[in-house]
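Me: I would like to go through this model feature by feature, with the criteria stated as they come up. Please take my questions in turn.

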There are 2 protein chains.
Amino acid sequence: MSDVVCSTFTIGWFGEKKSKRELKVNCFYTEGTANMFLRPIDDIKIHVDLDEMRVSQYLDRKITTIPKAEGTEYRLSHMKPPLGPRMNNRATVTAEGPGFTLVGNTVKWANWEFHLAFDARVGTIISLASIYDLEQNKYRRVLYRGYVSELFVPYQDPREGWYQMSFFDNGEYGFGRTAVPLEPLTDCPANAVFIDGYLANEDGLPVKTSNALCIFERHAGDIMWRHTESEMPGDIREVRPEVSLVVRMVATVGNYDYILDWELKPSGSIKSWVGLTGVLEVRPVAYTNADQINEETHGTLVAENTIGVYHDHFMNYYLDLDIDGDANSFVKTNLVTKKNTNGKTPRKSYWTVEKETVKTELDARILLGTKPMELSLENPNKKTKVGHPVGYRLLPGFFTVPLLALDDYQQIRGAFSNYNVWVTPYNKSEKWAAGDHVDRSHGDDTLLTWTNENRPIENKDIVLWYTMGIHHVPCQEDFPLMPTVSGGFELRPTNFFEYNPVLKVIPPEQVPWPNCTAKCVGFGVPLNLNGPAKLS
Amino acid sequence: MSDVVCSTFTIGWFGEKKSKRELKVNCFYTEGTANMFLRPIDDIKIHVDLDEMRVSQYLDRKITTIPKAEGTEYRLSHMKPPLGPRMNNRATVTAEGPGFTLVGNTVKWANWEFHLAFDARVGTIISLASIYDLEQNKYRRVLYRGYVSELFVPYQDPREGWYQMSFFDNGEYGFGRTAVPLEPLTDCPANAVFIDGYLANEDGLPVKTSNALCIFERHAGDIMWRHTESEMPGDIREVRPEVSLVVRMVATVGNYDYILDWELKPSGSIKSWVGLTGVLEVRPVAYTNADQINEETHGTLVAENTIGVYHDHFMNYYLDLDIDGDANSFVKTNLVTKKNTNGKTPRKSYWTVEKETVKTELDARILLGTKPMELSLENPNKKTKVGHPVGYRLLPGFFTVPLLALDDYQQIRGAFSNYNVWVTPYNKSEKWAAGDHVDRSHGDDTLLTWTNENRPIENKDIVLWYTMGIHHVPCQEDFPLMPTVSGGFELRPTNFFEYNPVLKVIPPEQVPWPNCTAKCVGFGVPLNLNGPAKLS
């Protein structure tokens, strides 16, 4: 029994008039491994009533398989040879310090200024993000507040013991509450600065999460912009290496690890990335080979006796953009094919854009990928010198449609995944896309119900809600620990600036190697101090 | 006249029975700027007959606007204050050298081995890419050969002087021929190794492009995989920082710069990224403000007198995957919603997968985004221990549908953009998606015509052709030089390995700073040698 670990799982609502404050307890067998999630003890059903604080149901149905410990370990110290591949090391020196300043919770970096908060429910909150405009000689507001408002993870095994497995990781568990201390040099690179996070615990007392956030400059070897002019005489070539700033947090919600990055670029782009790693939720089976299976298993046989259950991750971002002021409009730029009626040329067709300012909430519900369009938030009250309303555009990342029936109980609660894009007028009580009390929700307080009011959204303080996600069909490579899958979206200035805001960027001083005047020690071999290597 | 530069542009085919070997000559005014492409001299039409080597048409229609030079310059040396933002510098030391070996054109890095070639038409060719499998103690083939087979850029102004503007940058200009020498420390980071490229010129003589390719390890601060185990006692936390290998090339085809990256990951993923930067193609207009416009301009007023013309970039990748051998099948994994007919649980629905091996070419033509599905190449003759055919999956990047009429002349030639995914049986004469002789093509030798044969593709040596692209609606930020927009796709092992291939990775030795024993000079301030910074 000392090798058994039990953990709590939310149950949610399945049509009961009044759902109880109940949790499910699932147990795992840890003998021989640190990877308990791959050794579930299936078919024991325990429910705990949280009002009465007692076991309300207990069912021990039958003796079933527990997948073996072999192959589930992931600690380097427990690996058996052969090991590999071996990774080359690298040291990074930001000679002038981390590249940004942090005063209180306000970060200043390059042309950006923003405030950073750590929240029990949503984790990282970026707010008051403003970018300095050289032409206007002032900071201009872009993002009033942005965070992951909810994460909905429905599993796709409808049978007893698994049908309730649909998690709302923010509202039920809390991204801040499940944030893990970041490990210097591995979770964040050498040039990272760490910030502790403080939360109130169940008793209202402050608790600290060390290294809850890290901030670092990313010098990934990308190119900010470049051009070589081959048609004109002279050696005309200008290249600007990309440097961006990343704010990172990791929430480990039980088995899954979510790496949450906000990335700000000097060009004005705000990117948000999520990396999915950690351990699969698995269901034990007697099968050891796919050839033995002739029933629906609701997942992939990822190892002997182990089904990695199909599931989705739908992540909703709350993006209260304030593009150069709080009164903004949501604009669809439709790309439309036209016949060429100009008889003077043999061209038969072309496409052009038709802009459409969205008036009310229902018209702002969008399933991406169905029609070619660009989506922007514009400030109709501010124009560039050549007359465009200033704006920011959403470049969607991995988005996907929900596959559950829209009237299924989890989907009613997770209705924010019905569409990829929603826009609402700002309302301080509408913070989280699946509502305030998610575990007990019957779906009557969600982004769907709010927007059913079809409120006006033109030239108002509006909020963009973006749902991205993936359907996860597990594969053997996800066992026993998943290599990161990542995706994200970008908010990109579009006629916000008069011209390329990094045209006049002062590039980093190019230092090929640290100019050490003595032997550099601590490495296996002497450093090459003579600039970039050239192999023959 | 000494400030006028003229350049050649392809014309293509517009329904003529026999199209002539003719080029169009467009001229630009370079007075006061290095950015000639933003000062086109419009409305002069010059055609040159290449067989007769004489001007076959000359039309100087009217006196029109030339956009002014002011604001078009992009050289740092020519910038007027205020400048900014200022970027922090960083030095990078890979103490044990570049991390890979290069023998001839064969690269060995981590668990990968591949051959690298530089081709006049397609630029970088990755071939014979194989990954070492610890379990099988051998290299296993993944990619027999991969490259960008064509890039189709149709502009969307159907009027005289512009209707022909539809470029096939590989077949008409050549990615290798337009490859530019990469600049150390800006185009590629300090730890990059450069390779020269050799091509035959028009006379058959060898010409060298210095630094045509660079190869570097990317340590971007990402996480390969991680897990913190909070439910079990003890401080169980394992994190592996991501390291990947990038092969880069830049093709500057006139105004546009294409950054072409192949990225290999120890997890078995092959990613390909393209970054779009450089200068817009613009058309002069008399307008100085959008309010003055009440006609179709076929583009965005990006600056006074300057229309950035709407256009697309469709990029086709030739991917001759050989998943653990050359006989492969193309498999659609459809995600399908089911009703829950199991009356024992209140769950109403779930999704599951239905796999479908594609038999012939027509069924392999796919427009992405229309149905939820995963796409894989599998080797039906090799199975994992638990019984799955070994495979690799395509994770699409930015894909898009064509908007031109399918019977428009350019679209007939660029028909590879009609679908995002195509699969053909390997045929050594089918190398480039728009055919061999692209400029003179009437569309009778393209991926569309080949696949019309509907040849069998099951359990054969097959080629995956993937078309990604974007519709580009220019904005003011693209003027006078576009900040990079990038996108790409991933080929990811899916039941190719028995388990996570980087489970036993040996992480890089974590060296926070180079351990300099003397004062490090050459920087503005002394180095912080005390590990990761912590700001208060």
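Me: In which strand of chain A does A:Tyr256 lie?
Reply: This is a predicted model, in which local features need pLDDT of at least 70, side-chain atom pairs count only at pLDDT 80 or more, and totals for chains, interfaces and linings use all residues. Residues are numbered from 1 along each chain as its sequence is written, chains are lettered from A and ligands numbered from 1 in the order in which they are written, and side-chain values use heavy atoms, with hydrogens and water left out. Strands are DSSP runs of E with at least two residues, numbered from the N terminus. On that basis A:Tyr256 belongs to residues 256-264 of chain A, which form strand β17.

Me: For which feature does UniProt list A:Tyr256?
Reply: UniProt positions are given here in the numbering used for this model, with feature names shortened, and annotations may be inferred rather than shown by experiment. With that caution, the unreviewed UniProt entry lists A:Tyr256 for "modified residue: 2',4',5'-topaquinone".

Me: Is A:Tyr256 buried or exposed, and which residues is it in contact with beyond its neighbours within four places in sequence?
Reply: The classes rest on relative accessible area, with buried under 20%, exposed over 50% and partly exposed in between (1.4 Å probe, protein chains only). Because its relative accessible area is 2%, A:Tyr256 is buried. Contact means heavy atoms within 4.5 Å. With neighbours within four places in sequence set aside, the contacts of A:Tyr256 are A:Tyr155, A:Ala251, A:Leu276, A:Thr277, A:Val279, A:Leu280, A:His311, A:His313, A:His472 and A:Met482.

Me: How many bridges join β17(A) to strand β18 of chain A?
Reply: Two strands pair if DSSP finds at least two bridges between them. β17(A) belongs to an open sheet of 10 strands with antiparallel pairing, in the order β12-β13-β16-β17-β18-β29-β26-β25-β23-β24 (chain A), and its edge strands are β12 (193-200) and β24 (349-357), each pairing on one side only. Within the pair, A:Glu263 stands opposite A:Lys271 in β18(A). The antiparallel pairing of β17(A) with β18 (residues 270-278) runs over nine bridges.

Me: Why is the pair of A:Tyr147 and A:Tyr318 classed as it is?
Reply: Rings of Phe, Tyr and Trp (its six-membered ring) pair if their centres lie within 6.5 Å, with planes under 30 degrees apart counted as stacked, over 60 as edge-to-face and the rest as tilted. By this rule there are 52 aromatic pairs over all chains. Since the ring centres of A:Tyr147 and A:Tyr318 are 4.6 Å apart and their planes stand at 10°, the pair is stacked.

Me: What kind of aromatic pair do B:Tyr155 and B:Trp162 form?
Reply: B:Tyr155 is buried, at a relative accessible area of 1%, and B:Trp162 is also buried, at 4%. Their rings lie 5.8 Å centre to centre with 70° between the planes, and the pair is edge-to-face.

Me: Why can strand β28 of chain B be described as largely enclosed, and which residue is the bridge partner of B:Tyr318 in that strand?
Reply: In β28 (residues 462-472), 11 of the 11 residues are buried, so the strand is largely enclosed by the rest of the structure. Both faces are covered, with buried residues including B:Ile462 and B:Leu464 on one side and B:Val463 and B:Trp465 on the other. β28(B) pairs in the antiparallel sense with β27 (residues 421-425) over five bridges and with β22 (residues 311-321) over nine bridges. In β28(B), B:Tyr318 has as its bridge partner B:Trp465.

Conventions. Helices (H or I, at least four residues) and strands (E, at least two) are DSSP runs, numbered from the N terminus.
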